[in-house]
Amino acid sequence: MKGGGRGRGPGRFRTVGRALRLPVTGPARGIRRATHAHGAGESGLGKLIELHAVNGAGDVMITVALASTVFFSVPTDEARGRVALYLAITMAPFTLLAPVIGPILDRVPHGRRAAMATAMAARALLALVLSGAVITGSIEMYPAALGVLVASKAYGVVRSAVVPRLLPPAFSLVKANSRVTLGGLLATGAAAPVGAGLQQLGPRWPLYGAFVLFVAGTFLSFTLPHKVDSAKGEDTALLAADEAHLHGPHRKPVKRPGLRTVGTAVTHALAANAAVRCLTGFLIFFLAFLLREHPMTGQSAAVSLGIVGVAAGAGNALGTAVGAWLRSRAPEIIIVTVLAGVLAAAVTAAVFFGAVLVAGLAAVAGFAQALAKLSLDALIQRDVPELVRTSAFARSETLLQVAWVLGGAVGIAMPLNGTLGLAVGAAIVAAGWLTTVRGLIASARHGGARARVA
């Protein structure tokens, strides 16, 4: 009897322990099954999805802290000056540094895991620097924020180079990118309310949360397979459509592979994506100030911005999911179609300005940005030789980031007139659509005859 009682004691403790761990281990196992499904676990893509989720959650924590300090804590006129100063001190140098990041990382392809870990560790340390700066409002907040942007960009460039090395069997590059992007979006959506809750404890707490996440990301970077450090067969791509140097899958190779290797379809698609990215940067800053001064009927400024932010995030997630389903079917036509859709939404919102239409425009813009970017990925996969494909991804990301910065600068400078502002947004999209539609449609007509390079 005594022996049986002693035997039941440890059993009870184990049962209680399992019950206490279940709220944590249950969701963790579910997430692991989702990220490692369809061969992603065996190839290592699942670990990259989890790393990117940590990256997105950490970035949104920093965003919450900086937005509260720079934007919400002061009157609107002062906030515009602060945000303009933020762009001038952080985004302007970043725009100059961003094109350099890709070529630098191209020269150290054998240390991709270390590069991703370094980017994570740098942001962890900078989050601690920012935790002091947001209290005092000191000028060191701006160079620290610039460092966060540069480190985030470096991580993004390396991630683009890593994805092709981790493709599971029967996975297209677009589908893999969709998985990774969707994981980051879901983590961002989950971390945003947590960051807002931490902000209620004090402006430092979201940054402490970011520190913990980025430290975890530092260690997760080294769990990626060793093959991501391989650069076998890679070279450097320049984004150009010079017919004298162009050699894609439909042209014979040249003696200097790696130079002028991006086809006309890719450059047209990149210009169209730049227009969408410019629009999203414009909408973020313009609507932030507009809705703060003129919130939606019956809502506070914070709730109004939250509604628009949720709409944009939902549209982006939907676009990512649709892109994974469509894979690489007629990417030129997809880009032309989504640009026409966002142009129609922008014109409608400008003419019949209202809360519902503004939220709808944010959702359509998020959807268009995600689907157009995935279609651009498909074109790079189809038309750019594997020899230089990862380099082409890095340079396209840099150009799109610069377009976002330019759109944001225009959004800050605009007067707070909804109709006028959205008309400017529509003009941005119209310029990109009109200048690329003919080239993309012509490329689609001849695309079926091209051999796939993979």
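These notebook entries record what I looked up in the predicted model.

**Ground rules.** I number residues from 1 along each chain as its sequence is written. Local features need pLDDT of at least 70 and side-chain atom pairs count only at pLDDT 80 or more, while totals for chains, interfaces and linings use all residues; side-chain values use heavy atoms, with hydrogens and water left out.

**Confidence.** I looked up pLDDT, the predictor's confidence in each residue, from 0 to 100. The protein averages 75, and 67% of the residues score at least 70. Helices here are DSSP runs (H or I, at least four residues), numbered from the N terminus. Helix 1 (residues 2-35) has the lowest confidence, at a mean of 54, and helix 8 (residues 205-221) the highest, at 93. Over residues 1-5 the pLDDT is below 50, and I found zero contacts (heavy atoms within 4.5 Å) for this stretch beyond near neighbours in sequence.

**Helices 9 and 11.** I asked how the axes of helix 9 (residues 264-293) and helix 11 (residues 331-351) are placed: they come within 11 Å and cross at roughly 25°. Axes are lines fitted to C-alpha atoms over the stretch in contact, and angles run from 0 to 180 degrees between N-to-C directions. Helix 9 is therefore roughly parallel to helix 11 (angles under 35 degrees). In the contact, A265, A269, A272, N273, V276 and L279 of helix 9 meet E332, I335, L339 and V342 of helix 11.

**V215.** I located V215 in helix 8. V215 counts as partly exposed because its relative accessibility is 28% (partly exposed lies between buried, under 20%, and exposed, over 50%, with a 1.4 Å probe and protein chains only). Its C-alpha atom is separated by 6.1 Å from that of A124, 91 residues apart along the chain.

Terms used
Helix = DSSP H or I, 4+ residues; strand = E, 2+ residues; numbered from the N terminus. Parallel < 35°, antiparallel > 145°, perpendicular 65-115°, else oblique.
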